[in-house]
Amino acid sequence: MKHTEERPYADPEAAARKLVELAANVEAVQDGRIYIERINAPFLFKLKGSGSEFGAGLKHVVERGWLQLHESGTYVRLLGPAPLAQ
């Protein structure tokens, strides 16, 4: 008997792929920058992901080389083609 529902972004890989998908659908500003709130807000409020899921997904995305996170944390850049959704 389960008392909690499965969280779709509990797996960092799933969260990472969703973050890349969100970033790919945002129009970049100067020099390919995508402000972090343009992917953070939809992930947290529209998709109902948690802050820890966002953080784990962002870390996973950076480790995989799909996005580059600026040292200030204010924006990201897509580094290549988006990975295929699974």
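Which handedness does the crossing of H1 and H2 have? The crossing of H1 and H2 is right-handed, where right-handed means that the near helix is turned clockwise from the far one by less than a right angle, and left-handed that it is turned anticlockwise. The model is predicted: local features need pLDDT of at least 70, side-chain atom pairs count only at pLDDT 80 or more, and totals for chains, interfaces and linings use all residues. Residues are numbered from 1 along each chain as its sequence is written, and side-chain values use heavy atoms, with hydrogens and water left out. Helices (H or I, at least four residues) and strands (E, at least two) are DSSP runs numbered from the N terminus.

**Helix packing**

- The axes of H1 and helix H2 (residues 37-46) come within 9 Å and cross at roughly 125°; axes are lines fitted to C-alpha atoms, for helices over the stretch in contact, with angles from 0 to 180 degrees between N-to-C directions.
- That angle makes H1 oblique to H2, oblique being what remains after roughly parallel (under 35 degrees), roughly antiparallel (over 145) and roughly perpendicular (65 to 115).
- On the H1 side, Ala15, Lys18, Leu19, Leu22 and Ala23 meet Ile39, Pro42 and Phe43 of H2, contact meaning heavy atoms within 4.5 Å.
- The residues of this contact of H1 with H2 comprise 7 nonpolar, no polar and 1 charged; Ala, Val, Leu, Ile, Met, Phe, Trp, Tyr, Cys and Pro count as nonpolar, Asp, Glu, Lys and Arg as charged, and the others, Gly among them, as polar.
- H2 and H3 have axes 10 Å apart and pack at an angle of about 135°, which makes H2 oblique to H3.
- H2 passes H3 in a right-handed crossing.
- Ile39, Asn40, Phe43 and Leu44 in H2 meet Gly51, Glu53 and Phe54 in H3, and by class this contact has 4 nonpolar, 2 polar and 1 charged residues.

**Glu53**

- Glu53 lies in helix H3 (residues 51-64) and counts as buried at 8% relative accessibility; buried means under 20% relative accessible area, exposed over 50%, and partly exposed in between (1.4 Å probe, protein chains only).
- Leaving aside residues up to four places away in sequence, Glu53 touches Arg7, Tyr9, Ala10, Ala15 and Phe43.

**Salt bridges**

- The structure holds 5 salt bridges, each a side-chain nitrogen of Lys or Arg within 4 Å of a carboxyl oxygen of Asp or Glu.
- Arg17 pairs with Glu13, the closest N and O atoms being 2.9 Å apart.
- Arg17 and Glu13 are 4 residues apart in helix H1 (residues 12-24), so about one helical turn separates them.
- Arg17 is buried at 16% relative accessibility, and Glu13 is buried at 16%.
- Glu21 forms a salt bridge with Lys18, with the closest N and O atoms 3.2 Å apart; the two are 3 residues apart in H1 and therefore separated by about one helical turn.
- Glu21 is partly exposed, with a relative accessible area of 37%, whereas Lys18 is buried at 18%.
- Arg77 and Asp31 meet through their side chains in a salt bridge (2.7 Å, N to O).
- This pair links distant parts of the chain, 46 residues apart: Arg77 is in strand E3 (residues 75-78), and Asp31 is in the loop between H1 and strand E1 (34-35).
- Arg77 counts as buried at 19% relative accessibility, while Asp31 is exposed, with a relative accessible area of 54%.
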